[in-house]
Amino acid sequence: MRNVKVNVEYLTRVEGHGNIVVNVKDGKLETCELRIVESPRFFEGMLRGRSIFEAQHITSRICGICACGHSLASIQAAEDAIGFTPSLQTIKLRKFLLHMENLDSHVLHIYLLVAPDLLGVKSFVPLIGSHEQVVRRALRMKKTCNDICDILVGRHVHPISSIVGGFTKLPKEKDIDAMLDHLYKMRADMNETVALAATLKFPQFERDTEYVGLVSDDAEYPMLSGDIGSTDGVRLKKVDYKKATNEFIVPHSSAKHSKLGRGSFMVGALARFNLNSAKLHPKAKEIAAAIGLKPKCTNPYLNTAAQLVESVHSLEDSISILEDLKRTGVNYHEEIIVGLNEKGTIPVKAGNGVGAVEVPRGILYHNYEVDDKGIIVNANCIIPTGQNLNNIEQDMKKLVPEILDRTDEEITLALEMLVRAYDPCISCSAHFLDVKFVNR
Amino acid sequence: MTRPKVAFFDFTCCEGCQLQVANMGEALVDVLNLIEVVEFREAMSEKYDGELDLAIIEGSITTPHDVERIKKIRARSKAVLAYGSCATIGGVNGMKNAFDLNDIRKYVYGKDYEKFDTQETRAVHQVIKVDYFVNGCPVYIPEFVTVLKAVLAGLPYAVPDHAACLECKLNENVCMYDKGIGCLGPVTKAGCNSWCINNGNICYGCRGMVTNPAVNGARDVLTKYNIPMDMIVNKMNMYNKCREIDQNAKR
Ligand code: SF4
Ligand code: SF4
Ligand code: SF4
């Protein structure tokens with residue numbers, strides 16, 4: 001009977017540090033785990049005593065890739081806690097910012113992290129020699145998102161002007177034109193990306209699970225607002241986020257796991273696609289049909305394909321938002337100076353607020369309890385990768401027995417690719433409740 | 001000509017500074033032609049354990065395992081570059097040092113807190129010798145390129161040691177203090193082209209404090225604008241808490 005030992009230390013091409021450990025003895029799967037070895041960072045602990053007006057500055061540092069998403073979830077939680085309602089213009093610009101981040105992150109993931117696997121090389125570096133135009137296109141697309149974030153919020157890694165209350169700097173007319181120009185130009189590269197993706201062969205593997213994401217009754221593909229929903233029919237208000245995340249204890253683990261109706265669930269692009277594909281931009285729907293992606297898709301490797309579809313959606317919806325803004329004009333009276341709210345520009349009261357935002361890897365929750373001075377007394381952040389870990393393990397457990405006829409190297413690669421397909425962002429271990437410690 | 005061997009290593013951090021490299025766009029292809037990147041975990045599967053010409057370190061040192069790892073990297077690297085605030089000054093991770101370590105572990109991880117190894121956050125130079133510093137959260141790419149050129153030429157690089165206000169003035173921003181808002185520009189090292197203030201926000205001090213801050217001048221400004229000192233000190237500790245370790249070492 002077959003014995004397999006997989007021990008991938010420092011899983012590469014994912015964000016943050018994780019190890020895969022698989023042990024098959026006499027054809028029987030004994031261990032199958034994704035272990036997180038990231039140094040804990042204690043953000044929730046460090047937020048205590050900080051003003052609600054500086055929270056987003058701190059929490060965006062949880063993750064460099066989803067810095068805008070963390071800051072948006074943080075701002076939403078803060079505003080919810082003190083009872084502040086942002087203007088429609090602010091919401092529009094925040095949606096646009098979130099699109100840019102998703103687009104940027106998806107492009108990075110598709111090209112630099114996943115494509116090397118599908119093209120049979122170890123990283124994008126050798127691709128510079130063999131596929132120089134592909135690498136250049138990826139970097140160009142990424143830079144476009146980056147340049148737009150520079151214009152809109154000062155920079156992509158840790159946005160500057162997007163804060164509690166609104167924006168400290170609003171785009172001038174020429175800025176809107178410049179951003180639109182970038183986006184129009186990106187369409188050609190996006191078409192090439194779709195064409196390339198159509199040639200890539202994703203591994204075949206199916207496991208039906210529960211897919212969780214924001215849902216709403218509006219016509220729009222929900223990213224920045226909505227309730228928490230699942231393909232099994234769950235619907236919860238965002239204040240009840242704990243019921244949708246870390247409520248359950250697993251007997252074999254000292255730490256809690258995430259589950260909802262079943263043993264585990266998936267969040268991220270594929271989950272959103274499975275829940276809300278009917279609300280995608282028509283062009284994105286076209287692409288989905290062209291590459292044969294249909295809800296409900298149960299192959300986790302196709303998370304990358306869902307990211308591609310979402311990229312098209314983000315690009316097109318961003319163009320619509322900007323064209324709209326160009327028509328209506330920007331109200332510059334809404335520009336705000338807050339600092340630590342020294343001048344009391346924004347009224348503050350004690351409260352408890354939740355932010356729930358769809359970031360590239362799935363729903364991100366921030367929850368703050370603040371006192372009547374706007375100082376944080378309790379903080380909780382639940383990141384998408386944490387919610388996915390349990391599901392990744394369940395996938396691995398189903399996958400390993402199915403591929404036992406392959407060599408150790410092939411099994412290892414299949415597992416690495418599976419984990420990478422989820423685009424895990426382990427460095428945001430702000431709050432990794434579901435770490436498992438075996439053999440300790 | 002053999003290209004210098006360069007590797008990126010990440011410690012406790014958000015990896016945003018590494019991402020700034022990818023954000024260089026197509027210019028990155030030219031940089032990659034000048035150096036040989038032998039390890040960059042976030043972007044490559046390749047691993048390398050030989051001698052390095054340059055180790056670029058991102059993140060601060062927060063666990064016993066980090067300490068062991070960074071010492072090994074130092075031993076096989078001709079030059080070490082601390083990259084970003086986490087590495088150069090401890091950065092936001094330093095805020096942890098304001099709390100009792102066991103308390104903060106319990107707060108975040110509950111009863112299983114002992115499994116989460118941690119120790120006082122330290123900047124890289126507080127553990128090993130560092131040859132080059134690129135400050136910022138995240139790093140400012142034009143400065144990184146300048147430093148990379150210095151490294152390639154074997155020249156030292158002096159981190160700017162004057163206040164961020166200088167660049168802010170050159171950029172003709174209206175001073176935040178004139179808007180009644182506290183800003184850390186007067187005590188923070190320049191070099192980012194007053195990035196945050198240009199975008200309507202304040203300076204949070206991410207590049208670290210200047211060696212000789214004009215303490216009295218700063219105090220006068222705070223008094224004049226009626227901004228409480230403890231608020232400014234609290235703000236300063238967002239990035240600069242680890243500097244107390246250097247101060248204690250000097251004593
Ligand atoms: S310095 Fe800032 S951007 Fe760089 S790794 Fe640390 S937290 Fe991230
Ligand atoms: S205090 Fe801040 S806003 Fe004023 S000049 Fe200095 S850096 Fe600029
Ligand atoms: S303005 Fe201050 S906080 Fe902003 S990047 Fe420069 S040094 Fe850092």
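**Entry 1: two helices of chain A**

I began with a crossing: α6(A) passes α7(A) in a left-handed way. I noted the rule for the hand: left-handed is when the near helix is turned anticlockwise from the far one by less than a right angle, and right-handed is when it is turned clockwise. This is a predicted model, in which local features need pLDDT of at least 70, side-chain atom pairs count only at pLDDT 80 or more, and totals for chains, interfaces and linings use all residues. Residues are numbered from 1 along each chain as its sequence is written, chains are lettered from A and ligands numbered from 1 in the order in which they are written, and side-chain values use heavy atoms, with hydrogens and water left out.

Helix names follow DSSP runs, numbered from the N terminus: helices are H or I of at least four residues, and strands are E of at least two. Here α6 covers residues 132-153 of chain A and α7 covers residues 173-199 of chain A; their axes come within 10 Å and cross at roughly 155°. That makes α6(A) roughly antiparallel to α7(A). The axes are lines fitted to C-alpha atoms, for helices over the stretch in contact, and the angles run from 0 to 180 degrees between N-to-C directions. Under 35 degrees counts as roughly parallel, over 145 as roughly antiparallel, 65 to 115 as roughly perpendicular, and the rest as oblique.

Which residues meet here? I listed some with a contact (heavy atoms within 4.5 Å). Among them are A:Met141, A:Ile148 and A:Leu152 in α6(A), and A:Met179, A:Leu183 and A:Met190 in α7(A). The residues of this contact of α6(A) with α7(A) divide into 12 nonpolar, three polar and six charged. For these classes, Ala, Val, Leu, Ile, Met, Phe, Trp, Tyr, Cys and Pro are nonpolar, Asp, Glu, Lys and Arg are charged, and the others, Gly among them, are polar.

**Entry 2: what α10(A) packs against**

I looked up α8(A), residues 269-276, next: its axis and that of α10(A) come within 7 Å and cross at roughly 65°. That makes α8(A) roughly perpendicular to α10(A). The crossing of α8(A) past α10(A) is left-handed. On the α8(A) side I found A:Ala269, A:Leu270, A:Arg272 and A:Phe273, and on the α10(A) side A:Asn303, A:Ala306, A:Gln307, A:Val309 and A:Glu310. By class, the contact of α8(A) with α10(A) holds five nonpolar, two polar and two charged residues.

Then I turned to α4(A), which packs with α10(A) at about 150°, the axes 9 Å apart. α4(A) and α10(A) are therefore roughly antiparallel to each other. Their crossing is left-handed. The contact of α4(A) with α10(A) has 11 nonpolar, 10 polar and five charged residues.

**Entry 3: a salt bridge**

How many salt bridges are there over all chains? The count comes to 33, taking a side-chain nitrogen of Lys or Arg within 4 Å of a carboxyl oxygen of Asp or Glu. I picked out one, between the side chains of A:Lys95 and A:Glu220, at 2.9 Å from N to O. A:Lys95 lies in α4 (residues 88-118) of chain A and A:Glu220 in the loop between β6 (210-215) and β7 (227-230), so the pair ties together parts 125 residues apart in sequence.

Most residues other than glycine have a negative phi, and most peptide bonds are trans. I noted a cis bond joining A:Pro295 and A:Lys296, with omega about -5°; A:Lys296 is in the loop between α9 (282-290) and α10 (303-328) of chain A. The bond from B:Cys137 to B:Pro138 is cis too, with omega near 0°. A:His158 has a positive phi, near 70°.

**Entry 4: confidence**

The predictor gives the complex an ipTM of 0.92 and a pTM of 0.91.
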